Amino acid sequence: MFTPQLVVQGRSQLIGNEEETLLKSISEAPRFPSPAFRATFQRPTSETLQVSLTGALRMKVDGNGMDIIVAIYDIVLE
């Protein structure tokens with residue numbers, strides 16, 4: 001078993017079972033407006049998925065830009 005590390009707004013890190021520290025980190029984290037993006041998905045073949053992101057990135061966060069991470073998952077409930 002392990003306890004996952006959490007990172008809040010790319011600045012503070014802590015151990016996942018430290019609830020009080022986590023809540024404090026979240027409440028003290030800097031707030032950035034969310035960029036508006038649209039994701040479109042296409043299945044060119046049964047084994048591939050094409051994802052397109054469109055939108056304007058109108059700001060830089062801390063002068064360094066930002067990373068956008070897309071997580072795609074599929075849950076099959078039987």
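Helices (H or I, at least four residues) and strands (E, at least two) were assigned as DSSP runs and numbered from the N terminus. On this basis the protein chain contains one helix and four strands, arranged along the sequence as β-β-α-β-β. The model is predicted, so that local features require pLDDT of at least 70 and side-chain atom pairs count only at pLDDT 80 or more, whereas totals for chains, interfaces and linings use all residues. Residues are numbered from 1 along each chain as its sequence is written, and side-chain values use heavy atoms, with hydrogens and water left out.

The protein chain exposes about 7,300 Å² (Shrake-Rupley method, 1.4 Å probe; for residues, only the protein chains shown count as cover), and carbon and sulfur atoms supply 52% of this area. Of the 78 residues, 8% are buried, where buried denotes under 20% relative accessible area, exposed over 50%, and partly exposed in between (1.4 Å probe, protein chains only). Among contacts (heavy atoms within 4.5 Å) with a separation of 6 or more, 12% involve residues 24 or more positions apart.

Val 7 belongs to strand 1 (residues 5-8) and is exposed because its relative accessible area is 53%. Not counting residues up to four places away in sequence, Val 7 touches Ser 12 and Gln 13. Val 7 and Ser 25, 18 residues apart in sequence, are separated by 9.2 Å from C-alpha to C-alpha.

Val 51, in strand 4 (residues 50-54), is partly exposed because its relative accessible area is 33%. Together with Phe 37, Phe 41, Leu 49 and Leu 53, Val 51 forms a nonpolar surface patch with about 410 Å² of accessible area. Patches are made of residues with over 30% relative accessible area and no salt bridge, with like charges joined within 9 Å and nonpolar side chains (Val, Leu, Ile, Met, Phe, Trp, Tyr) within 5 Å; a salt bridge is a side-chain nitrogen of Lys or Arg within 4 Å of a carboxyl oxygen of Asp or Glu.
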